[in-house]
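I am opening a notebook on this structure. I will write down what I looked up, one topic at a time.

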Amino acid sequence: MRFVDEFRDAELGKVLAGEILSLVEPGRHYKVMEVCGGHTHSIYKYGIDDLLPADVELVHGPGCPVCVIPMGRVDDGIAIAKTEGVTFTCFGDMMRVPGSEGSLLDAKAQGADIRMVYSPLDALRMAKRNPDRDVVFFAIGFETTAPSTALTLKRARAEGVPNFFCMCNHVTIVPPLRALLDSPDLRLDGFIGPGHVSTVVGARPFEFIPADYGRPVVISGFEPLDVLQSIQMILRQLAEGRCEVENQYKRVVPYEGNLRALEVMAEVFELRPHFEWRGLGFISQSALKLSDAYAELDAERRYEVPGVRVADPKACQCGEVLKGVIKPWECKVFGTACTPERPIGTCMVSPEGACAAYYNYGRYAREREVV
Amino acid sequence: MTLTVLRVDEERELALCTTEEGEKETVETALIGPVQPGDALLVHAGTALQRLEAPA
């Protein structure tokens with residue numbers, strides 16, 4: 001397969017694993033955070049952590065869009081979904097995220113008209129086919145998904161679709177990274193930068209990490225050789241005393257990002273003063289809402305929502321997993337009370353969630369022998 | 001997801017694309033400019049974010 005097979009070559013993988021080993025300074029323990037949930041998924045799916053020396057530890061970051069949605073927002077979505085005359089649409093993963101009294105899937109089972117869509121454009125098509133229903137799209141995701149929502153809202157307005165609305169939960173990647181770097185309970189040596197977010201925002205927004213915090217960043221693709229090469233590039237920077245933003249994913253990520261996408265987002269969205277992240281609490285200017293120019297398409301302005309903050313279940317340690325403080329299997333309910341089939345926390349819902357990725361691909365390999 | 005362009009609706013800035021397995025999907029192309037059949041696109045949530053360049 002084009003753009004895939006050449007990045008899964010096992011022999012090249014062995015070469016990279018050897019180079020990583022040769023760059024490890026004896027006696028030093030390295031902690032490298034992969035920011036993006038897509039990387040977490042690749043790491044477990046391809047067993048990349050098994051190829052690394054014991055002193056190179058991968059720490060999973062907060063970049064799984066579903067994982068960071070707090071319970072209160074799920075409750076708000078369910079309240080809209082249960083409104084008479086509303087067809088509520090969302091991505092498949094989102095349907096299983098627990099709110100305080102069940103998930104969107106539970107609400108659907110109780111009779112609410114909730115549909116899974118693959119894109120906001122699908123939701124817009126549904127609105128056009130059902131002019132007697134209000135079709136609400138529950139938008140989630142980082143800067144990778146936000147342009148798609150923005151374009152769809154522009155299209156809805158241009159085509160004069162009066163019954164399409166958006167509940168916006170888009171978040172931005174830089175504020176949580178800054179929050180993590182300011183956190184005293186996490187010492188990191190470098191970052192595997194989010195490849196697909198960077199196709200939109202470019203590499204520049206990550207320059208504060210080497211400049212202000214002295215940590216290298218390597219923007220990475222998602223195939224196994226991409227991730228291995230990115231780890232090698234981080235270790236090489238550390239070995240050579242360099243600290244900068246490098247771009248391993250040049251075949252996709254231009255340094256300046258996608259300027260058209262940034263323009264569209266700036267037209268349709270504005271920053272929220274603050275937004276609650278599951279496990280990370282409130283982070284200033286870390287999420288997007290519809291701008292006043294698009295107010296008539298804003299579901300939060302059209303419907304009453306509870307807007308109540310809901311604490312996570314006591315047993316759930318998603319917050320510590322999202323901050324990289326504990327590993328998925330160190331959570332008290334991992335793989336017992338909390339499984340992909342019956343998730344308690346969000347990290348067990350999405351394939352990009354660290355707990356689900358580990359449960360699906362790595363749970364039998366934890367007690368492996370160190371070679 | 002990487003998709004290949006099959007057919008283009010330039011006026012509406014949409015393209016019919018296919019996965020390697022033959023699944024078809026309509027994709028917004030407004031963010032990357034004109035595309036042609038055979039182009040490989042990085043697509044997220046139904047929108048093309050970049051055109052892929054073959055590795056050197």
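**Entry 1: where the chains touch**

I began with the contact between the chains, in what is a predicted model. I counted 16 residues of chain B in contact with 21 residues of chain A. I then looked up which strands of chain B take part: β4 and β5 (47-51) each supply at least two residues of the side that touches chain A. I sorted the residues on that side of chain B by type and got 8 nonpolar, 5 polar and 3 charged. I noted for later that the size of an interface is often given as the accessible area lost when the parts come together.

**Entry 2: chain B as a whole**

Which elements does chain B have? I found 0 helices and 5 strands. Read from the N terminus, the order is β-β-β-β-β. I took the extent of chain B next: its C-alpha atoms fill a box of roughly 30 × 25 × 20 Å along the principal axes. A compact globule of 56 residues would have a radius of gyration near 10 Å, and chain B agrees with this, because its own value is 10 Å. I also looked at burial, and 38% of the 56 residues of chain B count as buried. Of the contacts in chain B with a separation of 6 or more, 29% are between residues 24 or more positions apart.

**Entry 3: two loop residues of chain B**

I picked Pro34(B), which sits in the loop between β3 and β4 (40-44) of chain B. Is Pro34(B) buried or exposed? Pro34(B) has 10 other C-beta atoms within 10 Å, so I put it down as exposed.

I then went to Ala45(B), in the loop between β4 and β5 of chain B. Ala45(B) has 25 C-beta neighbours inside 10 Å and therefore counts as buried. Its phi is near 50 degrees, a positive value in a residue other than glycine.

**Entry 4: a loop residue of chain A**

I found a positive phi in chain A too: Gln285(A), which is not a glycine, has a phi of about 45 degrees. Gln285(A) is placed in the loop between β12 (281-284) and β13 (288-290) of chain A. I counted 13 other C-beta atoms within 10 Å of Gln285(A), so this residue is partly exposed.

I followed β7(A) in detail. β1(A) and β7(A) pair in the parallel sense over 3 bridges, and Val32(A) stands opposite Gly190(A) in β7(A). β7 (residues 190-194) also pairs with β8 (residues 217-220) of chain A, in the parallel sense over 4 bridges. Here Phe191(A) stands opposite Val217(A), and Gly193(A) stands opposite Ile219(A). How many residues of β7(A) are buried? I counted 5 of its 5 residues as buried, so to the extent of this count β7(A) is mostly covered.

**Entry 5: one side of a helix**

My last item was helix α5 (residues 120-129) of chain A. Its buried residues include Pro120(A), Leu121(A), Ala123(A), Leu124(A) and Ala127(A). Why do I place them on the same side of α5(A)? Because they cover an arc of only 155 degrees around the axis. I noted the general rule that an α-helix has 3.6 residues a turn, so residues three or four places apart point the same way. What covers the buried residues of α5(A) includes β3 (86-90), β5 (134-141), α6 (146-158) and β6 (164-170) of chain A, together with β3 (24-28) of chain B.

Note on methods: Residues are numbered from 1 along each chain as its sequence is written. Chains are lettered from A and ligands numbered from 1 in the order in which they are written. This is a predicted model: local features need pLDDT of at least 70, side-chain atom pairs count only at pLDDT 80 or more; totals for chains, interfaces and linings use all residues. Two strands pair if DSSP finds at least two bridges between them. The radius of gyration is taken over C-alpha atoms; the globule rule is 2.2 Å times the number of residues to the power 0.38. A residue is buried if 20 or more other C-beta atoms lie within 10 Å of its own, exposed if 12 or fewer, and partly exposed in between; C-beta atoms are placed from the backbone. Two residues are in contact if their C-beta atoms, placed from the backbone, lie within 7 Å. The arc is that of the directions from the helix axis to the C-beta atoms. Ala, Val, Leu, Ile, Met, Phe, Trp, Tyr, Cys and Pro count as nonpolar, Asp, Glu, Lys and Arg as charged, and the others, Gly among them, as polar.
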